[in-house]
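Notebook open, viewer open. I want to go through the helices, the sheet and the packing, one entry at a time.

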Amino acid sequence: MAESLETHIPFLQIFKSVIRNTPEGDWRDTHVLPKDRLVNYDPRIIMVPLGGYSTTGSTKRAKTVSTSSSVAKKAPATDPGLKAEKEEWGLGPSQGRTADELLDAIDRGNYDGGRTGRFWTLDPIDGTKGFLRGEQYAVCLALIVDARVELGVMGCPNLPVSASDPSGPRGCLFVAVRGQGAYQLPLDRPFSGPGTRLTIPPTTPETLNFLESVEKAHAKLSFNERVAQILGVTRPPTRMDSQAKYCSLARGDGGVYLRMPTGTGYKEKIWDHAPGSVLVEEAGGVITDGRGKPLDFGLGRTLGENYGVVAAGKDVHDKVIAAVMQAKAEEDAAAQVQQ
């Protein structure tokens, strides 16, 4: 059963705090996460906002103590962003964290996932290179219950509020609850109103374009070019890091998110797609792998044998899958000739 958005208001507050990189609103608080398990991207990455990490336990522990103290000084209690945080949620200036508490929280991200039960996926900095370049990145959280994504929240601090005004205000929060729709809210005041409901608009070959990864190691961009040719797409692709691509798709800033594997044996990670998948579906879109099969979030920390990811509006998704299959057949035939 879909859970109401109100049920997860504390998580939205924590989410905003994580994006601000202040320890006062830490997502790791046990008052808010008393029982749920967590599947997290490499847990050591949590240490990056705190100044880096070391693979040795004693050095990591010392680093945590010194850097968490220095970061805490950057967020005074008068920070207006703290006004909405409540002590009963375990948030606020008085809720400090010791080194042991931080490290114990990081260890909670080691859950392996599975077919049954409920757990959360978290990617604290999705699009690390985009983050380092000062471009697009996202903080991504999802709730999975019995292998189905029920809730997705993504914060995109650098994404323009409106694609039609790229130099305008930036910072968006995207929320989707299964059966309740997908919404965009301003990151600086996410509880100021109901938000803007998102719907993927219909497209034509003239208006269609692809949303792709910046890094060539993350997607087979040459393959995408061939798929675009088959579909008759003439507009250039929009390339950005992170799951901000899902957010852009959900609000109509591009018609297809296409991510095909760059080599054999690669398996997509569930935290890279769980929140984006429910956002796209609640915005009226379809998301599958490159063969048209549903993404399987019940196989552990990866999507198993799912081959790539294709997300698009309902009016064009089947056409994209057909084009992907044609391009793959051509690629396989060319490989046979070379042998």
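**Ground rules.** This is a predicted model, so I keep in mind that local features need pLDDT of at least 70 and side-chain atom pairs count only at pLDDT 80 or more, while totals for chains, interfaces and linings use all residues. Residues are numbered from 1 along each chain as its sequence is written, and side-chain values use heavy atoms, with hydrogens and water left out.

**Helix 7.** I began with helix 7, residues 274-282; helices here are DSSP runs of H or I with at least four residues, strands are runs of E with at least two, and both are numbered from the N terminus. How much of helix 7 is buried? Eight of its nine residues are, so helix 7 is largely enclosed by the rest of the structure. My cut-offs: buried is under 20% relative accessible area, exposed is over 50%, and partly exposed is in between, with a 1.4 Å probe and protein chains only. I listed the buried ones as Ala274, Pro275, Gly276, Ser277, Val278, Leu279, Val280 and Glu282. After helix 7 comes Gly284, with a positive phi near 95°.

Next I traced an open sheet of five strands, order 9-8-10-12-11, with mixed pairing. Two strands pair if DSSP finds at least two bridges between them. Strand 9 (238-239) and strand 11 (285-288) stand at the edges with a single partner strand each, so one side of each has no neighbour in the sheet.

I then looked at the pairs. Strand 8 (residues 210-212) and strand 10 (residues 256-259) run parallel and are joined by two bridges. Phe210 sits opposite Val256 of strand 10, and Leu211 sits opposite Tyr257. Strand 10 pairs with strand 12 in the antiparallel sense over four bridges, and there I found Leu258 opposite Val310.

Which way do the side chains of strand 10 point? Val256 and Leu258 go one way, Tyr257 and Arg259 the other, and all are buried. In a regular strand the side chains alternate between the two faces of the sheet.

For directions, axes are lines fitted to C-alpha atoms, for helices over the stretch in contact, and angles run from 0 to 180 degrees between N-to-C directions. Back at the pairing of strand 8 with strand 10, I noted that helix 5 (residues 221-231) packs on the sheet, touching strand 8, strand 9 and strand 10, its direction at about 175° to that of strand 8. Helix 7 packs on the sheet too, touching strand 11 and strand 12 (309-313), with its direction at about 145° to that of strand 11.

**Cores.** A nonpolar core is a set of buried Ala, Val, Leu, Ile, Met, Phe, Trp, Tyr and Cys residues joined through side-chain atoms within 4.5 Å. The largest has 38 residues, and Phe174, Tyr246, Ile270, Leu279 and Phe297 touch the most other members. Strand 3 (138-145), strand 4 (148-160), strand 5 (170-177), helix 6 (244-250), helix 7 and strand 12 each supply at least two residues of this core. Helix 6 gives the largest share, five residues. I clicked on Leu279: leaving out residues up to four places away in sequence, its contacts include Met154, Phe174, Tyr246 and Cys247. A second, separate core of 19 residues includes Val320, Ile321, Ala323 and Ala327.

**Helix 8.** I checked the length of helix 8, residues 317-338. The expected span is 1.5 Å times one less than the number of residues; for its 22 residues that should be 32 Å, and the end C-alpha atoms are 32 Å apart, which agrees. Buried here are His317, Val320, Ile321, Ala323, Val324 and Ala327. They cover an arc of only 160° around the axis, so they are on the same side of helix 8; the arc is that of the directions from the helix axis to the C-beta atoms. On the other side, Asp318, Lys319, Gln336 and Val337 are exposed. The buried residues pack against helix 5, strand 10, strand 11 and strand 12.

**Single residues.** Ser248 is in helix 6 and counts as buried at 2% relative accessibility. Asp146, in the loop between strand 3 and strand 4, is not a glycine but has a positive phi of about 50°; it counts as partly exposed at 48%. Ser242, in the loop between strand 9 and helix 6, also is not a glycine and has a positive phi of about 75°. Ser242 is buried, at 9%.

Terms used
Contact means heavy atoms within 4.5 Å.
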